[in-house]
Amino acid sequence: MQNLSLDLGKLKLKNPVLTASGTFGYGLEYSSFGDLSKLGGIITKGLSLHTRQGNFGQRACETPCGIINSIGLQNIGVKSFVQDKLPYLPWQNTPIITNIYGNSISEFEELADYLAAYKEIAGLELNISCPNVSAGGMLFGQDPDLAGEVCQKVKSKAGEKPVIVKLTPNTGDIVSIARAVQDAKADIISLINTISAMEVDIESKTPVLGNVKGGLSGPCIKPIALRMVHDVCQNVQIPVIGVGGICSPRDILEFILVGAHAVEVGSINFSRPDASFQLVDELARLTREMDINSWEEFRGKLHFRD
């Protein structure tokens, strides 16, 4: 396929390869490994209202086919990002999507209201895998009512910017969360975020991570992510972005085959800093080899055996 472009709701992408929040810095850190304008979109590291230092102690460890991280959402704060990072990103050629998180609905609202004024920002992605302090620490993404409410409030402040809601797999029914944010007028859904996990050291008899638990990502979670993306795509009408363990162009096509419009490339950026750039070229070659002429003829066309 010569033309990989697509419409992701209101967003116009030159290809379906976006970078996953938390794995690509603010974008500029990877500019020496490839042309940022080549990507379908850049989703920034999660931004909070103020600078956040993150967790103490060891914050990441490798596992078979994956990585567990407990960074603690370290970031420079939204105002520093807008001043020191955003002007140098290729926002005129590639959509820049800011991932945001708050400890309360009011913090999400304030972030959306602040970012809505910047033309350089193409959209907002909500990290609802963070705890709502006002609700006793429950994750926004574990309760349909909370997920719907935060989405609705952000939509009211985001102006014309499309709102993407990133779903956590750490819930009993991800489909009900997806339906709730669709009802709250989310423009796009992305899934999955990391899976709660831990690692221990048998010699010291201690947890490896300073925060004890973290989020598992990498190739080991791809089958889980694929199943959840399939289930959500069967139950919502808004576009879906598939996330989880994507390392090859075949992985990308698997997510599109079950219904996703686009994908976010994550953990592989740590081991192969040029991976996202290379996947754009590899995807173009694979679609030509498979004689895929349009995304519409391939997306969601999974065949079920009798």
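**Strand E7**

I began with strand E7 (residues 96-100) and found five of its five residues buried, so the strand is largely enclosed by the rest of the structure. Buried here means under 20% relative accessible area, exposed means over 50%, and partly exposed lies in between, with a 1.4 Å probe and protein chains only. The strand label follows DSSP, in which strands (E) are runs of at least two residues and helices (H or I) are runs of at least four, both numbered from the N terminus.

I noted that this is a predicted model, in which local features need pLDDT of at least 70 and side-chain atom pairs count only at pLDDT 80 or more, while totals for chains, interfaces and linings use all residues. Residues are numbered from 1 along each chain as its sequence is written, and side-chain values use heavy atoms, with hydrogens and water left out.

I then looked at which way the side chains of E7 point. In a regular strand the side chains alternate between the two faces of the sheet. Ile 96, Thr 98 and Ile 100 point one way from E7, Ile 97 and Asn 99 point the other way, and all are buried.

For its partners, I used the rule that two strands pair if DSSP finds at least two bridges between them. Strand E4 (residues 41-43) pairs with E7 in the parallel sense over two bridges, and Ile 42 has Ile 96 as its bridge partner in E7. E7 and E8 are also paired in the parallel sense, over four bridges, with Leu 124 in E8 as the bridge partner of Thr 98.

**The barrel**

I followed the pairing onward and found that eight strands close into a barrel in the order E3-E4-E7-E8-E9-E10-E15-E16, with parallel pairing. Neighbouring strands of this sheet are turned by 25° against each other on average, direction ignored; axes are lines fitted to C-alpha atoms, for helices over the stretch in contact, and angles run from 0 to 180 degrees between N-to-C directions.

Strand E8 (residues 123-127) pairs in the parallel sense with strand E9 (residues 163-166) over four bridges, and Leu 124 stands opposite Val 163 in E9. Helix H3 (residues 144-157) lies across E8 and E9, running at about 155° to E8.

**Ile 121**

I next looked up Ile 121, which is found in the loop between helix H2 (105-115) and E8 and is buried, with a relative accessible area of 2%. Its contacts, taken as heavy atoms within 4.5 Å, are Leu 86, Ile 96, Thr 98, Leu 115 and Lys 161, not counting residues up to four places away in sequence. The C-alpha atoms of Ile 121 and Pro 95 are separated by 7.1 Å, although these residues are 26 apart along the chain.

**Helices H5 and H6**

I asked how the two helices pack: helix H5 (residues 222-233) and helix H6 (residues 249-257) meet at an angle of about 25°, with their axes 9 Å apart. They are therefore roughly parallel to each other, a class that takes angles under 35 degrees, whereas over 145 counts as roughly antiparallel, 65 to 115 as roughly perpendicular and the rest as oblique. The contact is made by Lys 222, Ala 225, Leu 226 and Val 229 of H5 and by Asp 251, Glu 254 and Phe 255 of H6.

In H6 the buried residues are Pro 249, Asp 251, Ile 252, Leu 253, Phe 255 and Ile 256, and what covers them includes E3, H5, E15, E16, H8 and helix H9 (295-298).

**The open sheet**

Last, I recorded four strands that form an open sheet in the order E5-E6-E14-E11, with antiparallel pairing. Strand E5 (60-63) and strand E11 (195-198) stand at the edges, each with a single partner strand, so one side of each is left without a neighbour in the sheet. E5 is joined to strand E6 (residues 66-69) by four bridges, and Thr 63 stands opposite Gly 66 in E6.
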